[in-house]
Amino acid sequence: MKNFDVVIVGAGAAGLFCAGVAGQQGLSVLLIDHSDKVAEKIRISGGGRCNFTNLDTGPANFLSDNPRFCRSALSGYTPRDFLALMQRHQIPFHEKHKGQLFCDRSAEDIIQMLLAECDAGGVTRWHSCHIKNIAFLGSRPLDTCLSSYEISTDHGIVQSRAIVIATGGLSIPKIGATDFGYRIAKQFNLPVITPRPALVPLTFDADAWAPFAQLSGLSLPVQIETGSKKTHIAFNEDLLFTHRGLSGPGVLQISSFWQEGTPIRLNLAPQQNIAEQLNQAKATSRKLIANELASVVPSRLADTWVAQGAALGHNWQRPVNEASDKALTVLAERLSRWEITPTGTEGYKKAEVTAGGVDTKALSSQTMESRQPGLYFIGEVVDVTGWLGGYNFQWAWASGFACAKGLAAALKPVGTPV
Ligand SMILES: Cc1cc2nc3c(=O)[nH]c(=O)nc-3n(C[C@H](O)[C@H](O)[C@H](O)COP(=O)(O)OP(=O)(O)OC[C@H]3O[C@@H](n4cnc5c(N)ncnc54)[C@H](O)[C@@H]3O)c2cc1C
C-alpha cells in the first residue's frame with residue numbers, strides 16, 4: 001500500500017494548482033482525476049483562451065451564503081501573484097475588457113504551466129483513476145506521521161494524512177463534472193447549500209417567446225437588472241437573443257442572482273432617451289416608427305418591437321408623425337424597461353458554473369479545512385461563486401493556495417519552516 005501526505009481529488013484548476021504548491025512545500029502529493037484528460041474546463045474556457053483572472057477581484061464579485069468567507073483566501077493570493085507565475089513561465093496575455101485577462105495564444109499554456117508546477121513539486125498523478133471509497137481511519141493529530149484516510153481506487157489502495165476535494169461543480173457533465181464533492185461532504189456530515197446552475201442562459205415559455213425567437217443571433221449592449229431593494233443588482237453588458245431565450249454576458253451575470261418566478265428588466269437602449277427621440281421625430285419626420293427606432297437599436301429589433309403593438313392595443317406600424325404621444329411613450333417604455341419572467345435556465349448542460357456547494361460554515365476561511373479533521377474543500381465545489389470575468393479561476397487559485405499553505409503548516413513536523 002502507498003502512503004502520501006495528501007491525496008487531492010480532481011485535477012482541474014484548483015486541484016492542479018494546489019498540488020503544485022503543496023508539492024513544492026515538501027509534501028508528498030497524489031493527484032487523482034477520473035478523466036483521462038485533466039483540466040478540461042480550463043481548455044474550453046474563455047473561448048479557448050482562458051480568462052484566467054480579473055485584475056479587479058474582490059469579495060464583492062462573489063456569491064455565497066457567507067459573502068465574507070472568500071476574503072482571506074483572495075487577499076492571500078491575488079491576481080498579481082498569478083500574473084507573476086505566468087510571467088515566470090513566459091506566458092503572454094492581454095487585458096480584454098473590465099480587468100479580464102486572457103492568454104494571447106491558448107488556454108493550453110495555463111494547463112502546461114500548472115503541470116510543470118506539479119512536476120516541480122514531485123506530484124504523483126493518477127488519471128483516469130476512479131475512487132471507490134474514502135474511509136476515515138480515526139481521529140489522530142495531523143502532525144503525527146500516521147495516516148488518517150484510506151482511499152480505495154481502481155489503481156489500488158492508498159493512505160494519506162489529508163484529503164483535498166477539488167472535484168468542482170455540476171456544470172458540463174459531458175466533460176467530467178460529478179456530484180462527488182457533495183457526496184463526500186454528506187458522508188462526513190458537512191452541510192451543502194443546494195447547488196444550482198449559474199452563469200447560464202435563461203429560457204422562456206415557448207408561446208410567449210415566439211415573437212422574439214426570430215431575433216436569435218442578435219446581440220446588443222443592454223442594462224439588465226433583477227431583484228429589488230437589498231437584492232437589486234444590475235449589469236451593463238451585451239445581450240444575445242437565442243431560439244429559446246436570452247444569453248450573452250449580461251444574462252449570464254444576472255442568471256446567478258435571478259430567483260425563480262421573479263422577472264428580469266432590460267433597457268435595450270441604455271445610452272438613449274428613446275421617448276425624447278421619438279417625440280422629436282414626430283415633429284419633424286414622416287418615416288415609419290420602425291425606421292426611426294432603427295437609428296437607436298438594431299433594425300431587426302425595431303421591426304420586432306413595432307410588430308408587438310397590436311397585441312397591446314397600439315398601432316406602431318405607421319409613420320411616426322401619425323402616432324399618438326401615448327403610443328410613442330408606451331413604445332419607448334417597453335424598450336427601455338422591458339420586464340419579462342424567465343421560466344427557467346438551460347441547466348447544467350450550458351451553465352459555466354454551479355452556485356451553492358459545500359457550506360462555508362463548515363470550513364476554515366484560512367485553510368479550507370473542514371470540521372472533519374484533515375478533509376479540505378477547494379474551488380467550485382465550495383459555496384463561493386464568482387461573477388463572469390475571470391473571478392472563478394481566481395477563486396480556484398486563491399482557495400488552492402490557502403489550502404496548500406494550510407496543509408504544509410498542519411502536516412510538516414514541528415520546527416520545520418513553512
Ligand atoms: C464553458 C466554460 C467556460 C468558462 N470560462 C471561464 C473563464 O474564462 N474564466 C473563469 O474564471 N471561469 C470560467 N469558467 C468556470 C471555471 O472553469 C470553473 O469555475 C473552474 O474550472 C473551477 O475549478 P475547479 O478546479 O474547482 O473545478 P474543475 O475545473 O471543474 O475541475 C474538477 C475536476 O474534478 C474532476 N472530477 C470530477 N468528479 C470526479 C470524481 N468523481 N473523481 C475524480 N475526479 C473527478 C473533473 O474531471 C475535473 O478535472 C468556465 C466554465 C465553463 C464550463
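Modeller: Two strands are said to pair if DSSP finds at least two bridges between them, and the strands themselves (E, at least two residues), like the helices (H or I, at least four residues), are DSSP runs numbered from the N terminus. The model is a predicted one, in which local features need pLDDT of at least 70 and side-chain atom pairs count only at pLDDT 80 or more, whereas totals for chains, interfaces and linings use all residues. Residues are numbered from 1 along each chain as its sequence is written.

The sheet in question is open and consists of three strands in the order E3-E6-E5, with antiparallel pairing. Its edges are strand E3 (51-54) and strand E5 (93-97), each of which pairs on one side only. Neighbouring strands of this sheet are turned by 35° against each other on average, direction ignored; for such angles, axes are lines fitted to C-alpha atoms, for helices over the stretch in contact, and values run from 0 to 180 degrees between N-to-C directions.

Taking the two pairings in turn, E5 and E6 run antiparallel and are joined by four bridges, and here His94 stands opposite Phe102 in E6. The hairpin of E5 and E6 has two residues between the strands, and in this hairpin Lys98 takes a positive phi near 50°.

Within E6, Gln100 deserves a separate look. Gln100 counts as partly exposed because it has 19 C-beta neighbours inside 10 Å, the scale being that a residue is buried if 20 or more other C-beta atoms lie within 10 Å of its own, exposed if 12 or fewer, and partly exposed in between, with C-beta atoms placed from the backbone. Leaving aside neighbours within four places in sequence, Gln100 is in contact with Asn51, Asn54, Glu95, Gly389 and Gly390, where contact requires that the C-beta atoms of two residues, placed from the backbone, lie within 7 Å. Gln100 and Gly390 are 290 residues apart along the chain, yet their C-alpha atoms are separated by 6.0 Å.

Among contacts between residues at least 6 apart in sequence, 73% join residues at least 24 apart. Along the principal axes, the C-alpha atoms fill a box of roughly 85 × 40 × 35 Å. The domain assignment, whose bounds come from an automatic or database source, gives domain 1 (2-196 + 352-411) and domain 2 (202-345). Six residues from domain 1 and four residues from domain 2 make up the contact, while the C-alpha centres of the two domains lie 41 Å apart.

Finally, the ligand is surrounded by 37 residues, the closest being Gly10, Gly12, Ser45, Gly168 and Gly379; a residue is near a molecule if its C-beta atom, placed from the backbone, lies within 6 Å of it. Helix H1 (13-24), helix H2 (40-44) and helix H13 (391-411) each supply at least two residues of this shell, and the largest share, four residues, comes from H13.
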